[in-house]
Amino acid sequence: MIFIFYITLFLFILGHGLLFNSIDNDFFARLIVGKTYFQTGSLLDWDFLSYTPTHRFIDHEWGSSLVFYFLQSHFGDAGLLIFKAIIYFATFYLITKVILLRNKEEKLHFLPFWFLINAIPAILFATLRCQAFTFFFFALWLYTLERVRLCGHTRLLWILPATMLVWANMHGGCAAGIGLLVLYIAGEFLNKKSVKSYIITLIFTLLALFINPYGIPYLEFLIKALTLKREFITEWQSSLSPLGLKFHFKYLIFAAAFLCLTLFYTLRFKINFKKIDKTKVLVLAVTFLMALKSIRLQPFFILSAAAFCYSDFYKLFPKRLPASADRLKEIFFLVLMTFFVFSSAMQTKFKCVMWEYPIMEIDFLKANKIKGNLLCEFHDGSYAAYRLWPDVFIFMDGKYEEVYPDYLIYMLRDINLANKGYLDKINKYRTDIIIVAKHYKIYQELKKNKDFKLMLESPKYALFLKKELIRSNFKTPAGNAKYYIKTKYDTNIDWSVKNES
């Protein structure tokens, strides 16, 4: 039956991945880094895409860039979507190994486990991001640490510094691994167990951080990134913020259910607080508080709760189905997930879609060979740079903390909100082209501006050109959405006036 469970779990993850198939805002920055490496054999040390001031580029996601570009360039969208399913399945496979390790008398039942993973499909399955590697390694470390402390397999601790060599070069979320190891040291100390081997492992793991293309500056960047406020970034807002309440209510429902079930479990089984597993409590408490602090950190609590509390919650409902009914239930879920994947594949055809990008505006600039300096929302910058360089340079993109001085994102905010002196900020770096989201105040202000002319509007965006760039023979953009799905990676657009397919 466990084989059926894992097939069902993989199909569940694949189906969600096919449905949530939009491309992340920063994905094109990853393609640029990967493409540069495969064409030149070296990593980007400085940004060459912007017309604003930049500093040395410390790229904590460079390894992910190589993987993503290789997959996209060789296997297209299908390769990206299948890889996403595989790495998330591997993550949850490791979580199930923790569950079975902690509860050898239990077997995996898909229905309650579905409750745990269904809490975050929009977070974990939405798109292929560099965080996928962090979630995988976090689950791997959790399983390794549980093997060590529950089974006494201390020799497995070498896995942590060894995998840190990879993790640190895939994503800056490797800091979560250091934090997890520190929590285990504190928890086992409170459990009155020996922590010497954990401390030695921590030392070697920290030393592994130094093995990266940037040396010590990489560690300096990680420390800065951990303390950065990121007050304008949606995913770094509190889970209890208006954005968290509006867009991540599934997590809040999960968190509330977790607290209620924990209280119920404690009262029903009359837990002896002296015998509580301090390591388990520390990991759950810290990740829970992290998840409240930031939407971005919610998956760490979800993974920890799934690993540590699955059997606790399952014991609250001890009634078991007869063996034959239980097999039928598992087969039913397998058939259901098979249909789910089939319908998802038919709907998306293994293609990634563009979600709220200024695609028509960017194609207009590309097809008409317009050259100049482009100001757009920072999370659209990477897409614009990927499609338009070297004819067009951008104001900034999502690498704001890795490449640009801190004041630049505040300057962009003032421009979008048309705050006092916004025109001076636009002209300071000789901006020629502006793509704005129409809900910003600057959209209305630019329509009244004499130096810029509105050239194109889509439902969400508007394109303004400086009058010196305007010609009478501009081509008009394609109107078929399927066209943009096919050409999203194309850097050589040249459609005609009548071509809309």
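**Close-up 1. Leu375 stands opposite Ile434 in β3.** This is a predicted model, in which local features need pLDDT of at least 70 and side-chain atom pairs count only at pLDDT 80 or more, while totals for chains, interfaces and linings use all residues. Residues are numbered from 1 along each chain as its sequence is written, and side-chain values use heavy atoms, with hydrogens and water left out. Strand β3 covers residues 433–437 and runs parallel to β1, joined by two bridges. Strands (E, at least two residues) and helices (H or I, at least four) are DSSP runs numbered from the N terminus. Two strands pair if DSSP finds at least two bridges between them.

**Close-up 2. Strands β1 and β2 pair in the parallel sense.** β1 spans residues 372–375 and β2 residues 392–394, with three bridges between them. Asn373 stands opposite Phe393 in β2.

**Close-up 3. Strand β3 is covered on both faces.** Ile433, Ile435 and Ala437 lie on one side. Ile434 and Val436 lie on the other. Five bridges join β3 to strand β5 (residues 461–466), and these two run antiparallel. Ile433 stands opposite Leu465 in β5.

**Close-up 4. A salt bridge joins Asp77 and Lys488.** The closest N and O atoms are 2.7 Å apart. Asp77 sits in helix α3 (residues 62–102), and Lys488 in the segment after α22 (481–486). The pair links parts of the chain 411 residues apart. Both Asp77 and Lys488 are buried. A salt bridge here is a side-chain nitrogen of Lys or Arg within 4 Å of a carboxyl oxygen of Asp or Glu. By this rule the count is 17 salt bridges.

**Close-up 5. Lys224 and Asp406 meet in a salt bridge.** The N to O distance is 3.6 Å. Lys224 lies in helix α10 (residues 216–227) and Asp406 in the loop between α18 (400–403) and α19 (407–416), so the pair ties together parts 182 residues apart in sequence. Lys224 is partly exposed, at 33% relative accessibility. Asp406 is partly exposed too, at 47%.

**Close-up 6. Lys399 and Asp397 form a salt bridge.** N and O lie 2.6 Å apart. Both residues, Lys399 and Asp397, are buried. Elsewhere, salt bridges that share partners join Arg102, Glu146, Arg149, Glu188 and Asp277 into one network.

**Close-up 7. Helix α12 covers residues 249–269.** Its 21 residues reach 30 Å from first C-alpha to last, close to the 30 Å expected (1.5 Å times one less than the number of residues). Buried residues in α12 include Tyr251, Leu252, Phe254 and Tyr265. Lys270 follows α12 with a positive phi, near 50°.

**Close-up 8. The second largest pocket has a volume of about 600 Å³.** Among its 24 lining residues, the closest to its centre are Tyr265, Lys280, Val281, Leu284 and Asp312. Elements giving two or more residues to the lining are α12, α13 (278–293) and α14 (298–315). α14 gives the largest share, six residues. On a 1 Å grid over the protein atoms alone, a pocket is an open set of points where a 1.4 Å probe fits, with protein on both sides within 12 Å along at least five of seven lines; lining residues have an atom within 4 Å of a point. Grid points are joined across faces, edges and corners, and the volume is the space filled by probe spheres set on the points.

Note on methods. Buried means under 20% relative accessible area, exposed over 50%, partly exposed in between (1.4 Å probe, protein chains only).
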